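Student: I'm new to this one. Please pick a single part and take me through it slowly.

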Amino acid sequence: MTSPQLLGRRSVLTGAAALGVAATGTRAETVFDAVPPLKSITPYPLGVAVKVSQLDDPTWVKLATPNFSRVTPEWEMKMEYLLQADHNLHFDRADRIVDFAHQHGMSVHGHTLIWYALEGGDHFTNLAGKPDAFLDAYVGYITSVMQRYAGRIRSWDVVNEPVRNDGSGLRDCLWSKVLGNDYIGLALEAAKRADPGALRFINDYNLELTPKKRSAFLKMCERLLKDGAPLQGIGTQTHIAADISPQAIRDAMKDIASLGLLVHVSEVDISLQEDHPANLAQPLKHQISTLNALLSAYHDVPAAQRYGLTLWGLRDSDSWINYQKNSGVMNVKPDEPLLFDALGRPKPLTRAFVRAVK
Ligand code: XIL
């Protein structure tokens, strides 16, 4: 998108960065004293996604710790990192994140145990022809990971993104291929046995964008509950574009809350570039009204169900959207989907957040 505002903003940001370095020879100061510590004004836990590399970034630490009360590991607590080619579990980075959180009085939301997108190399595929051994390994993985952090991780996305994006049913994946669709209930049961004190969530995306997917997701949750599965919460990721209809957000939140389970708005970013950039005459204005619609819809969820809201990154430069292809190289036109700008400074979006949560 090259709208005047964005181009204007981007060149101002770049200019400020250059100015910052020129004036002091060091990284431009992060200025966030213009807003109060966000976690102190938000009536539910406010979370942020974290990667180990950010724990060694003083700017990240200085900005995240006063503003957020919870962290979600962005990828280093997933099977892709924990279960490596040597078939051993590597907890070094997840340990660092949990230790950091507890050192800073923050809680941890574990993400994620079972995901269609990650199969743990050939550890599980080697067992695909032996369902009993596969199930033992499946339950063993969940148990080993959760027991390591028993009492130190408050909640888990036990299963991530189980529903097909078109809402036509559950995704086919290694887990469903070997264990059937009961892989979800089996994971929840194993999670309860492993750490009964940790809250158990199922997490998915586009529940606001695709009503058919939302309906399939909620029907799955209802069926699990009817079968006695120990499901306690729903994670609605909320990776949305600035031009989403506010009514779509309100409808989704109402439907999701209707099951009476905990509701975690689990991975918020509000993109200025996805889907229909051309439709937005004033993208930043749209982004603020979308944030206001999201917060207002969440505030209508009964307080007892509001498990919290988590931003999927701290600064715009931390957003996965800008590195989505895992390229490691920032997009040519970086998106600005988060609460703080690339230099860690509050934006009009931050001030809109402050106004809306109060
Ligand atoms: C993403 C991370 O942000 C990236 O860093 C990683 O390379 C891929 O996964 N839904 C989820 C998250 O549940 O785990 C995904 O996180 C984003 C979509």
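Tutor: Let's go with the second largest pocket, lined by Leu-170, Asn-181, Asp-182, Ile-184, Gly-185, Glu-189, Met-220, Arg-223, Leu-224, Asp-227, Gly-228 and Ala-229. A pocket is an open set of 1 Å grid points with protein on both sides within 12 Å along at least five of seven lines, and lining residues have an atom within 4 Å of a point. The model is predicted, so local features need pLDDT of at least 70 and side-chain atom pairs 80 or more, while totals for chains, interfaces and linings use all residues. Numbering starts from 1 along each chain as its sequence is written, and side-chain values use heavy atoms, without hydrogens or water.

Back to the pocket: its volume, the space filled by probe spheres set on the points, is about 200 Å³. Two helices (DSSP runs of H or I, at least four residues), α9 (183-194) and α10 (211-226), each give at least two residues to this lining. Sort the lining by class and you get 5 nonpolar, 3 polar and 4 charged residues; Gly goes with the polar ones here.

Around the cavity sit Glu-208, Thr-236, Thr-238, Ile-249, Ala-252, Met-253, Ile-256 and Leu-294. Helix α11 gives the most to that lining, with 4 residues. By class, the cavity lining has 5 nonpolar, 2 polar and 1 charged.

Terms used:
1 Å grid on protein atoms, 1.4 Å probe; cavity = no way out; pocket = protein on both sides within 12 Å on 5 of 7 lines; lining within 4 Å.
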